[in-house]
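Reader: I'd like to go through a protein structure with you. Can we keep it short and simple?

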Amino acid sequence: MGLNCGCPLGAHLADLTIEECKESMGQLQKVFFQRRYKTAGTLNTIKDPTKKASWTTLLSAADGSKVTVSPYIQNPTTEAGASRTFGSGNQVLGGIPIVLGREATSFTGTIYQENQKVIAQMKEYQCEDIAVWLVDENGNIGCLADDLDDPTTYYPIPIQSFFVGDKTLGGYEEPDSNAISWSFVPNWSDKFVILPRTSLDFNPLTDIVNTASVGG
């Protein structure tokens, strides 16, 4: 994905507003899975994800809006994409590479001691166009919004290359485990928002539980 710079440039540098409130997610511990699209061409959205009732409906849905909750994910590691560059030495002026864009952001984690029936079900998601709602140790939810200044609609974060590994036998010193990984597309966090636990009427870590869909 390129830098997509506009041309011609504006009359001046774009305004840069430093916010008083900083933001940072804690340790990622769970994700809510959802298809990226509810139906062909229609993205899944939630108008008010701060209400438990919004999620209760989606957990029992029997269509493309259905949400499921992952097991606890441990050892979460996110590595932001590096710059994509071209050229070196005599290829480019002064030997300075040309920045073309950025790479995808990778996520890896570990699921310990999970029943392999659950793992087998999660492997089926590798065939889906899925997205995730992030939940951290404090019960904050990370997702995307239509507008960072005045959000009215919220979206799950699209992921690609979703993978769940086979069981690793831990032996004497470690518990059995399964690896889990995916990639966020370049520029994935441009519309990223954190819904703080204090704004929710529920705890996403403990109050959201998978339910069978109607007719499922």
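Predicted model: local features only at pLDDT ≥ 70, side-chain atom pairs only at ≥ 80, totals over all residues.

Reader: How many helices and strands does the chain have?

Author: There are 2 helices and 14 strands. Both kinds are DSSP runs, numbered from the N terminus: helices are H or I with at least four residues, strands are E with at least two.

Reader: And what does the C-alpha trace span?

Author: About 60 × 45 × 35 Å along the principal axes of the chain.

Reader: How much of the chain is buried?

Author: Of its 216 residues, 34% are buried. Buried means under 20% relative accessible area, exposed means over 50%, and partly exposed is in between, using a 1.4 Å probe and protein chains only.

Reader: What share of the contacts comes from residues 24 or more positions apart?

Author: Taking contacts with a separation of 6 or more, such residues account for 73%. A contact means heavy atoms within 4.5 Å.

Reader: Now helix α1. Which of its residues are buried?

Author: Trp55, Leu58 and Leu59 are buried in α1, which runs over residues 52–59. They lie on the same side of α1, because they cover an arc of only 100° around the axis. That arc is taken from the directions from the helix axis to the C-beta atoms.

Reader: Why would residues three or four places apart point the same way?

Author: An α-helix has 3.6 residues a turn, so residues at that spacing point the same way.

Reader: What's on the other side of α1?

Author: Ala53 and Thr57 are there, and they are exposed.

Reader: And what do the buried residues of α1 pack against?

Author: Four strands: β1 (28–35), β4 (67–69), β9 (130–136) and β10 (141–145).

Reader: Switching to rings. How many aromatic pairs are there?

Author: The structure holds 9. Rings of Phe, Tyr and Trp (its six-membered ring) pair if their centres lie within 6.5 Å; planes under 30 degrees apart count as stacked, over 60 as edge-to-face and the rest as tilted. Take phenylalanine 107 and tryptophan 182: their ring centres are 4.2 Å apart and their planes are at 20°, so this pair is stacked.

Reader: Where do those two sit in the chain?

Author: Phenylalanine 107 is in strand β8 (residues 105–112) and tryptophan 182 is in strand β13 (residues 177–184). The pair links distant parts of the chain, 75 residues apart. Phenylalanine 107 counts as buried at 2% relative accessibility. Tryptophan 182 counts as buried at 2% too.

Reader: Which residues form the aromatic cluster?

Author: Phe33, Phe107, Tyr125, Phe162, Trp182, Phe184, Trp188 and Phe192 form one cluster.

Reader: Charges next. How many salt bridges?

Author: There are 3. A salt bridge is a side-chain nitrogen of Lys or Arg within 4 Å of a carboxyl oxygen of Asp or Glu. In one, glutamate 128 meets arginine 35 at 2.8 Å, N to O. Glutamate 128 lies in the loop between α2 (116–123) and β9, and arginine 35 lies in strand β1, so the pair ties together parts 93 residues apart in sequence.

Reader: What about aspartate 166?

Author: Aspartate 166 meets lysine 123 at 2.4 Å, N to O. Aspartate 166 is in the loop between β12 (157–164) and β13, while lysine 123 is in helix α2, 43 residues apart. Aspartate 166 is exposed at 57%, whereas lysine 123 is partly exposed at 27%.

Reader: And which residue does aspartate 176 meet?

Author: Lysine 167, at 3.1 Å, N to O.

Reader: Last one: threonine 68. Buried or exposed?

Author: Threonine 68 is buried, with a relative accessible area of 16%. Threonine 68 lies in strand β4.

Reader: Which residues does threonine 68 touch?

Author: Leaving out residues up to four places away in sequence, threonine 68 touches Val31, Phe32, Phe33, Tyr125 and Asn210.

How values were computed: Residues numbered from 1 in each chain as written. Heavy atoms only, no water.
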